[in-house]
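Take a walk through the model shown here. Keep the sequence at hand and look up each residue as it comes.

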Amino acid sequence: MKSRTPLILMVVFLTLVAAAAAVLVANSLSRDGRARRAEEFQRLVGGLGLGPATDLTRCAFRFDPRLCPGCPEDAGPVAGGSWFCPCQGCSIFYLRPLPIP
Amino acid sequence: MAYFLEMARAGLVSILLHPFRNLATVIALVAVLVPFVVGIALSAGLQDEAEISVRAGANLYVTANRFGRQVAIPCAVAKPLRQVEGVTDVVPRIVGRITLGRDTEPVVLVGLPLEKMPAFIECVEGRLCRPSNLNELVVGTELARRLNLKIGSRLLPFYRNDRGEKLSEVVGLFRADTTLWQARVVFTSLETAATIFNQSGVVTDILVYCRPGYEAPARELLRRDPPPALDKILGKDLRLGITSRDEVAALLPEGLLQREGVFNLHFLLAFVVAILAIMVTSGFGLTERRREIGILKATGWQTDEVLLRSAVETFVLGLASAAIAVLLAWVWLRWLNGFWITGIFIGGVGAMPSFQVPFRLAPVPVLLGFLLSLVIVATGTLYSSWRAATVPPAEAMR
């Protein structure tokens, strides 16, 4: 008689794959409410926030390039300072500086 | 078909022959994949929110520049801007930085005219500001938590103004599932913001809303041939800075490309290290594997059958690791709300974010993670299986 263990392993494996697929589908479907509130907030404040920061303390550019068109570290004592800006370190979202008139 | 099912069964049995070794392989893979999937999901969530920010924002952001830096712009600029063809609305705005509380919590203070505030809004718990004797404030979630503020909380004067100071009252709180940029915002009327900054007659930027199709002509007109009244107000010292919605929107795809490049490069390095670790755990040169394959060959198995069995083992381990990584990433971001890892990727956030972390688990990075895990496991299993299967069984069993 063949062992049932490989069958159990197969069931566990398929369950894992099905659960991962369900998570991917559910995640793409459950964002409507948040998007609506985010849009409402943005309409209220006239568009605020674009980058990977939640305040203006160190680098307003990483918070929103519309408020500060380039990284202030570039005008600091270190040449090319924006590459050492802690707001960019580990950043998953790069923003190019906007032109300054 | 029966042949392939039998091969699949043999592959599953081979996983069960070395349960601890394969468990170690899966754990090592999951440890590498989870931060990768979480990082990409956070980045995709941020991208979605940035797109909303651009879409729902103004058409043009008019600022003043001096020495190449943004400075305050006179409110009077609003009047000539209203007369530009295609402009439907002009809204002065103050956005500035202050600190609050004993621990000097950084605050993004946003002030807009009271008449531009809607009567009801879903993203705020409580209400928006109204004309009052007090400074009425709507506070973001992170600030509310750190400063222990609730609706109705009153703040002693935290600023200096030539005309005297007033108490401030929290009349609303932004909801945690609105957007991450509300976290440290204090939203108030333009008049209150000007009072807090001890300024009058100037704002930080002016939002210009245009009819569809008029954004680019209005931008070009203001850049090349601004109305004389505008020049008169700005004088010789100030230069007009105009940022259009299109220019801001153009930044986002570039960000995406850069993110994919830099982030994937970092993780490629992690995967290279992982390959070395997993080659050891998944059987590179494993004596048992050689012996086992030698026995299979001696009992009549062909080399391609041995390799197919190893391929099934590789596929199952790789796909299981990717599936577990997706589930753990989802639990980390959804149930644990990106505990600790959000602070690494997004500035100004503590270990436990007070807002609902934006994330989107996209299928493509997950597929990429699966392929990478497949390559890593295959490096450890297929090569050693092929080496063992191509030598005479007696030598392999020795």
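This is a predicted model: local features need pLDDT of at least 70, side-chain atom pairs count only at pLDDT 80 or more; totals for chains, interfaces and linings use all residues.

Glu85(B) touches Tyr214(B) and Ala218(B), leaving out residues up to four places away in sequence; contact means heavy atoms within 4.5 Å. Glu85(B) sits in the loop between helix 3 (78-82) and strand 4 (87-100) of chain B. Helices (H or I, at least four residues) and strands (E, at least two) are DSSP runs, numbered from the N terminus. Is Glu85(B) buried or exposed? Glu85(B) is exposed, with a relative accessible area of 58%. Buried means under 20% relative accessible area, exposed over 50%, and partly exposed in between (1.4 Å probe, protein chains only).

Residues are numbered from 1 along each chain as its sequence is written, chains are lettered from A and ligands numbered from 1 in the order in which they are written, and side-chain values use heavy atoms, with hydrogens and water left out.

Go back to Tyr214(B). The charged end of Arg211(B) sits over the ring of Tyr214(B), 4.9 Å from its centre. The rule for this asks for NZ of Lys or CZ of Arg within 6 Å of the ring centre and within 35 degrees of the ring normal.

The whole structure holds five aromatic pairs over all chains. In one of them, the centres of the Phe174(B) and Phe187(B) rings are 6.5 Å apart and the planes are at 65 degrees, so the pair is edge-to-face. Rings of Phe, Tyr and Trp (its six-membered ring) pair if their centres lie within 6.5 Å; planes under 30 degrees apart are stacked, over 60 edge-to-face, and the rest tilted. Phe174(B) and Phe187(B) are both buried. Together with Phe41(A), they form one aromatic cluster.

Next come the charges. There are 24 salt bridges over all chains. Each is a side-chain nitrogen of Lys or Arg within 4 Å of a carboxyl oxygen of Asp or Glu. Glu292(B) and Arg309(B) form one of them (2.7 Å, N to O). This pair links distant parts of the chain: Glu292(B) is in helix 9 and Arg309(B) in helix 10 (residues 303-335) of chain B, 17 residues apart. Both partners are buried. Another salt bridge joins Lys116(B) and Asp89(B), whose closest N and O atoms are 2.9 Å apart. Lys116(B) is partly exposed, at 38% relative accessible area. Asp89(B) is also partly exposed, at 24%.

Lys297(B) lies in helix 9 (residues 287-298) of chain B. The side chain of Lys297(B) does make a polar contact with the side chain of Thr303(B), at 2.7 Å. A polar contact is a pair of N or O atoms within 3.5 Å; within protein, one must be able to donate a hydrogen and the other to accept it, and residues adjacent in sequence count only if both atoms are side-chain atoms.

Finish with chain A. Chain A has three helices and zero strands. Of its 101 residues, 48% are buried.
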